[in-house]
Every structure is written in C-alpha cells, then in structure tokens.
Amino acid sequence: MSLLPELRYPSVNELVSSARALAAHRPGLCALRQVGSSRAGRPLHLLSVGHARRAVLVVAGAHANEPTGGSTLLALAERALYDHELRTATSWHFLLCADPDGASLHVTPAPRSLLDYHLGFYRPAGAEQPEWSPSVLPPDRLPPETRALIRVIDELRPYLQVTLHGTDVGGSWVQLTKDVPGLAEPFAKSAAQLHIPVETGASDAAGWPASGPGVHVMPAPGSDAAYPSMPDDARHSTWYHAHRYGGLTAVVEVPMWASDLVDDPAPHPAPAAAIRRLAGRLLRDGLEVERVLADALPRLKGAEGPLLRAAQWALELVPGLADDWTHTPPADTTMAYVGSVDAFGRRLPLRAAAMLLRVLRETDDRAAPRLEHLVTVWSEAFMDRFRARWVPLEHQVEHQARTVVAAARHAREGAARRS
C-alpha cells in the first residue's frame with residue numbers, strides 16, 4: 001500500500017509532508033533534512049534513502065513551470081524505499097524542490113488547457129534559476145539555492161545526478177553530460193509503451209551528438225554553441241559539477257501535452273527557409289509584447305518584481321535567437337527539428353506575454369485585455385498547430401521514473417566496466 005497521496009502535481013508543502021511520511025515509516029533507512037534556504041527564506045529539503053557511499057542524486061523543481069518532477073521524485077523515493085534491489089550498494093537522495101520561491105509563483109498545478117497553464121505561468125530570469133545561474137553569474141553572486149545544490153553534490157559525490165524537467169508541448173528527450181551506453185533502448189521502449197513521442201530533434205540540444213533517438217550528449221566545454229546569442233550555456237551549469245567526482249548528469253524531459261510533430265525523423269524539404277520564417281514570426285510576436293510593455297511600463301512603478309524581470313528577460317532573448325536562426329545553418333534538417341524550433345519560437349513570446357499579463361492584472365492596468373487576447377490566441381494556435389494531446393500524469397511520471405532507474409543502472413554498469 002502506497003504511503004503517498006493520490007497522484008497530482010504537488011505543492012512544495014505537499015512534497016515535504018509526503019517525504020516526512022516516508023521518513024517516519026522507515027526511520028532507520030530514510031531521513032529528511034534541511035540543506036539550505038531560498039532567497040526568501042523557504043527551506044530546501046533533501047530526502048535520503050539508504051546509506052551506501054555510491055549515490056544517486058535526483059533534483060526536482062529546478063524550473064517552476066515544470067511540475068511533473070515533484071510527482072516523479074515522490075514515486076522514485078517510494079520505489080527506492082520498498083525495492084531492495086534498487087538500493088543495493090546505492091543510496092538515493094532527493095532534493096524535493098530546487099527553487100521553492102519560483103514554485104510559489106507558478107500557480108497552475110492542474111491545468112485543463114495550455115491557456116490555463118499560461119495564465120498562472122512563471123519561469124524566473126536565467127540568473128535566478130538555480131541550475132543555470134553559474135552560466136551567467138560570477139561565483140560570488142550565485143543565489144543561495146544554487147550554493148545549496150552545489151554543497152549537496154560536494155557532500156554526496158554522486159556517480160549520477162538526475163534533474164527532472166519537462167516541457168509544455170512536444171515530446172520526451174534526455175540530455176546527458178556524458179554518454180550512458182545502453183540508455184537509449186529502455187528510454188525509447190518506455191516512451192512507446194506509454195504513447196509519448198520522442199523528441200528526436202530537440203532544439204534545446206541543437207547540434208549535440210546523439211547516442212540514440214532522443215538521447216543527446218552535451219558537447220565538450222569549448223565547443224561552438226548552436227545558438228551563440230543564448231547566455232545560459234548548459235556546460236557552465238550545475239549539471240557539470242558532478243564531473244569533479246567522476247559523475248555525470250542526466251536531464252530527463254517529459255511533455256504535458258504530446259505532439260508527433262517533434263518525433264518525425266524524415267528530412268525537411270526546405271529547413272533553412274522554414275526556420276527563417278519561424279525567426280520572422282518570433283520577431284513579430286516579440287515586438288507585439290514589447291509594444292504592450294513599453295506602453296504599460298511607465299504605469300508599473302512599484303510593480304517591479306520577479307514576474308516583470310522574467311518577462312523582460314524572455315523578451316531580451318528574442319532578437320539574438322532570431323538572428324541565430326536566420327544567419328546560421330540549421331543544426332539539424334529533419335522535420336522533428338523544425339517542429340521543435342517552431343515550438344520554441346511560439347513558447348518564448350507567449351511566456352513573456354503570460355508573465356506580463358499577470359503583472360498587468362495585479363495592477364489593474366488598462367493594457368491587460370489586449371495582452372490577454374494575445375495569450376489566448378497564441379495558446380490556442382500552439383495547441384492547434386501541434387495537434388497537442390494531454391499526456392496522463394501517471395504516464396508522465398512512469399516514463400520519467402523508468403528513465404531515471406535505467407540511467408542509474410546503465411551508468412553504474414558503465415562505471416564498473418571502466419574501473
């Protein structure tokens with residue numbers, strides 16, 4: 001019988017309550033402790049199962065708008081608690097939420113549509129994201145959430161760190177800081193069984209080598225980035241900190257709404273022209289939001305805060321990204337890649353508009369109806385273009401959990417072969 005509540009997107013308080021119940025059930029095997037505090041003073045908790053020196057660290061909540069990871073983390077923690085084989089010579093450690101401040105601002109835990117999702121949307125500016133901040137900030141300015149995560153990695157020295165991420169519309173894929181031979185097969189099998197498309201040309205992994213469909217290996221530090229304008233280089237993130245101890249990081253992405261447009265490996269008939277068109281649309285959409293912002297900004301004195309900062313940061317990325325797409329050859333020429341770029345190009349101005357809309361509603365600003373119209377139209381167009389279908393939460397969680405377990409097993413076997 002499960003100790004966990006009915007499956008849903010849990011709040012941080014619910015995560016902590018469930019973790020506390022697991023720790024109380026097996027106190028000799030399981031422990032919950034605070035490992036840091038957020039900028040606003042919210043505690044960061046680590047749940048540990050087992051005592052072996054060889055460790056797996058699982059991180060949830062690094063991005064506030066990706067809620068599946070919390071549910072997956074609880075499912076994995078309970079599995080580790082009851083499955084003796086899973087914790088044989090391996091301890092499992094779960095950072096419940098890497099950004100509790102961000103989680104408090106993303107307020108759509110059970111969206112009925114992509115519009116619902118965006119009406120409560122929040123994703124911090126890059127410098128305020130725990131995993132990404134080292135790529136854009138000097139070490140002495142890192143936020144406390146980042147410093148806490150780094151301390152946990154230094155303490156545990158995990159052979160594998162897994163960070164649980166997700167996307168709104170698209171497919172599932174894995175990003176690895178080092179290859180994990182053998183992972184691609186169980187990953188693809190799980191996705192097929194659960195009817196989740198594999199994002200074979202993920203724009204987040206543009207130009208990276210692949211060890212199998214949807215399993216992307218990050219290029220070595222010093223390699224040219226596919227999108228030079230993007231400030232947050234994954235190779236400078238906390239994902240690489242485990243390398244100091246011979247470990248690696250796997251980033252496991254699952255979609256809330258699935259689309260087969262990102263799972264088509266066929267060659268695109270004219271990828272460069274298609275991406276130029278997408279760049280033009282990105283600029284036009286970004287400019288529409290910029291106009292609303294420019295009109296409203298003089299009236300927003302005193303309303304500055306994380307939502308407005310995040311909206312402005314997203315808009316600042318638009319011109320450089322459009323230029324990258326326009327003036328560099330496509331990193332991939334498949335239908336899947338063009339579909340992924342299409343989704344990325346819709347996502348960025350939509351997110352900026354959604355967060356700005358929340359600011360305008362809070363201040364009862366006269367520009368809110370105009371922006372609400374944009375968010376509504378763009379959300380509906382996104383869903384229609386991608387023929388998006390809801391992925392049941394139990395499938396999101398099961399696929400992510402299976403991939404984590406497979407990554408732990410194959411990374412452990414790979415380390416054993418090398419030793």
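Q: Which residue of S9 does Thr163 stand opposite in this predicted model, and what makes S5 and S9 a pair?
A: Thr163 stands opposite Val251 in S9. Strand S5 (residues 160–170) and S9 are joined by ten bridges and run parallel, and because at least two bridges are required for two strands to pair, they count as paired.

Q: Which residue is the bridge partner of Gln175 in S9, and how do S6 and S9 run?
A: The bridge partner of Gln175 is Val251. Four bridges join strand S6 (residues 173–176) to S9, and these two strands run antiparallel.

Q: Why is strand S9 called largely enclosed?
A: Eleven of the eleven residues of S9 (residues 248–258) are buried, so this strand is largely enclosed by the rest of the structure; a residue is called buried when its relative accessible area is under 20%.

Q: What makes Trp325 stand out in the largest nonpolar core?
A: Among the 64 residues of that core, Trp325 is one of the four that touch the most other members, together with Tyr227, Leu356 and Leu360. The elements giving two or more residues to this core include S9, helix H8 (306–327) and helix H9 (335–362), and H9 gives the most, with 15 residues. Leaving aside residues up to four places away in sequence, the contacts of Trp325 include Tyr227, Ile275, Leu282 and Phe344.

Notes: Residues numbered from 1 in each chain as written. Predicted model: local features only at pLDDT ≥ 70, side-chain atom pairs only at ≥ 80, totals over all residues. Heavy atoms only, no water. Buried < 20%, exposed > 50% of the residue type's maximum accessible area, 1.4 Å probe, protein only. Core = buried A, V, L, I, M, F, W, Y, C linked by side-chain atoms within 4.5 Å. Contact = heavy atoms within 4.5 Å.
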